[in-house]
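Please open the structure in a viewer and keep the selection panel at hand.

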2 protein chains.
Amino acid sequence: METDFTAQIIKQVITAWAASNKLISKFFNEYEDAYYFNEVAPGRNRAIYLLGHLIAVNHSMLPMFNLGERLYPELENPFLKTPDKTSADTLTIAELRQYWETLNTTLAANFDNMQTQDWMDRHTRVSEQDFAIEPTRNKLNVLIGRTNHQQYHYGQLTLLIQKEPAI
Amino acid sequence: METDFTAQIIKQVITAWAASNKLISKFFNEYEDAYYFNEVAPGRNRAIYLLGHLIAVNHSMLPMFNLGERLYPELENPFLKTPDKTSADTLTIAELRQYWETLNTTLAANFDNMQTQDWMDRHTRVSEQDFAIEPTRNKLNVLIGRTNHQQYHYGQLTLLIQKEPAI
């Protein structure tokens, strides 16, 4: 009975993450490419930057979960280490959209194969010693954090929409 | 072993919610009251509206979790059922800030007393029949959803900050 709960809660956390991904996907499939070069608010990040940023933040779950290397290391500099509008736009919306979908498919396939023990184990950025002290620094916590980070930026992206969606 | 995991994951979800609350509290304690009457982006919601909105959305967890009535039903109309700038501002920032803190303290105290079975049980907006079909429609899922909703609006609030915080 309790075992079922653990697996179920992990599934609920994954479902919340997937639901957030779907919102982002919908947003970036709704308009003409030029639209995503707009800033979400005056002087703020452009939508294209936030898409690259989410990919660059999320693909780090692969090494953090011992699932392989980051898929798009070339995104780290323009979308993570430097602010928007400081690098040339070398990637198109179509390319970033494809990266986004490939990353989500890759993560989802890996998550499907992870067992409870994997989720509750430490991620690779925390040492065994630190994890012994703080056992909540597990992979599931990273996914919760990534979902919250993504929702934070989704709230900004929707400011571009003519009429904000009810969520 | 597995039982410990369930309790631990629930705690992690509550911790993520509390961390989000803390960010909102910090934001609304940082500036002069007049600041919160600014729109987060041109023509969008004002920060004061979003604070009232978060209270109005979050206090519904009390009846949904069978913990009592909503604390501030008078917020439903101006901050939930109608858009910003369609009602007079009858509450001050100081009052809303106090409501926000009281609500969070109330929810946190109640959450502390909830057991695993409570979290995994249905919330009151889903019928027993529907819950039998979809057992993920439990109280924990509501809290996950509320956290994601709050982060969505927190992302918008931070657009008001001179320099966006790194999160």
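## Two helices of chain B

Begin with helix α2 and helix α5 (residues 93-113) of chain B, whose axes come within 10 Å and cross at roughly 30 degrees. The model is a predicted one. Since angles under 35 degrees count as roughly parallel, α2(B) is roughly parallel to α5(B). The crossing of these two helices, α2(B) and α5(B), is left-handed.

Next, display the side chains where the two helices touch. On the α2(B) side, select B:I48, B:L51, B:G52, B:L54, B:I55 and B:N58; they meet B:I93, B:L96, B:R97, B:Y99, B:W100, B:L103 and B:L107 of α5(B). Coloured by class, the residues of this contact between α2(B) and α5(B) divide into ten nonpolar, two polar and one charged.

Remain in helix α2 of chain B and select B:H53. Is B:H53 buried or exposed? With a relative accessible area of 13%, B:H53 is buried, because the limit for that class is under 20%. Apart from neighbours within four places in sequence, the residues in contact with B:H53 are B:F79, B:L80, B:H149 and B:H153.

## Aromatic rings

Now show the aromatic side chains. How many aromatic pairs does a search of the whole structure find over all chains? The search of the whole structure gives 30 aromatic pairs over all chains. One to select is B:Y49 with B:F79: the ring centres are 5.8 Å apart and the planes stand at 45 degrees, so this pair is tilted. The pair links distant parts of the chain, since B:Y49 belongs to helix α2 (residues 47-58) of chain B and B:F79 to helix α4 (residues 76-81) of chain B, 30 residues apart. Both B:Y49 and B:F79 are buried.

Then move to chain A and select A:F27, A:F28, A:Y31, A:Y35 and A:Y36, which form one aromatic cluster.

## A buried glutamine in chain B

Return to chain B and select B:Q150, which lies in helix α8 (residues 139-157) of chain B. Its relative accessible area is 0%, so B:Q150 is buried. Which residues is B:Q150 in contact with, leaving aside its neighbours within four places in sequence? They are B:W17, B:S20, B:N21, B:I24, B:L54, B:N58 and B:W100.

## Helix α2 of chain A and its two partners

Turn to chain A and select helix α2 (residues 47-58) together with helix α5 (residues 93-113); their axes come within 10 Å and cross at roughly 30 degrees. This angle makes α2(A) roughly parallel to α5(A). The crossing in which α2(A) passes α5(A) is left-handed. Here A:I48, A:L51, A:G52, A:L54, A:I55 and A:N58 of α2(A) meet A:I93, A:L96, A:R97, A:Y99, A:W100, A:L103 and A:L107 of α5(A). By class, this contact of α2(A) with α5(A) has ten nonpolar, two polar and one charged residues.

The contact of α2(A) with α8(A) has five nonpolar, six polar and one charged residues.

## A residue that touches both chains

Select A:A16, found in helix α1 (residues 2-28) of chain A. A:A16 is buried, with a relative accessible area of 15%. Not counting residues up to four places away in sequence, A:A16 touches A:T147, B:I144 and B:N148. For a distance across the chain, select the C-alpha atoms of A:A16 and A:N148: they are separated by 9.8 Å, although the residues are 132 apart along the chain.

## Two loop lysines

The last stop is the loop between α4 (76-81) and α5 of chain A, where A:K85 is placed. A:K85 has a positive phi of about 70 degrees although it is not a glycine. A:K85 is partly exposed, with a relative accessible area of 41%.

In chain B, select B:K85 in the loop between α4 and α5. Phi of B:K85 is also positive, near 65 degrees, in a residue other than glycine. With a relative accessible area of 42%, B:K85 is partly exposed.

Notes:
Residues numbered from 1 in each chain as written. Chains lettered and ligands numbered in written order. Predicted model: local features only at pLDDT ≥ 70, side-chain atom pairs only at ≥ 80, totals over all residues. Heavy atoms only, no water. Phe/Tyr/Trp six-rings, centres within 6.5 Å; stacked < 30°, edge-to-face > 60°. Helix = DSSP H or I, 4+ residues; strand = E, 2+ residues; numbered from the N terminus. Buried < 20%, exposed > 50% of the residue type's maximum accessible area, 1.4 Å probe, protein only. Axes fitted to C-alpha atoms, helices over the stretch in contact; angles between N-to-C directions. Parallel < 35°, antiparallel > 145°, perpendicular 65-115°, else oblique. Left-handed = near helix turned anticlockwise from the far one by under 90°. Contact = heavy atoms within 4.5 Å. Nonpolar A, V, L, I, M, F, W, Y, C, P; charged D, E, K, R; others polar.
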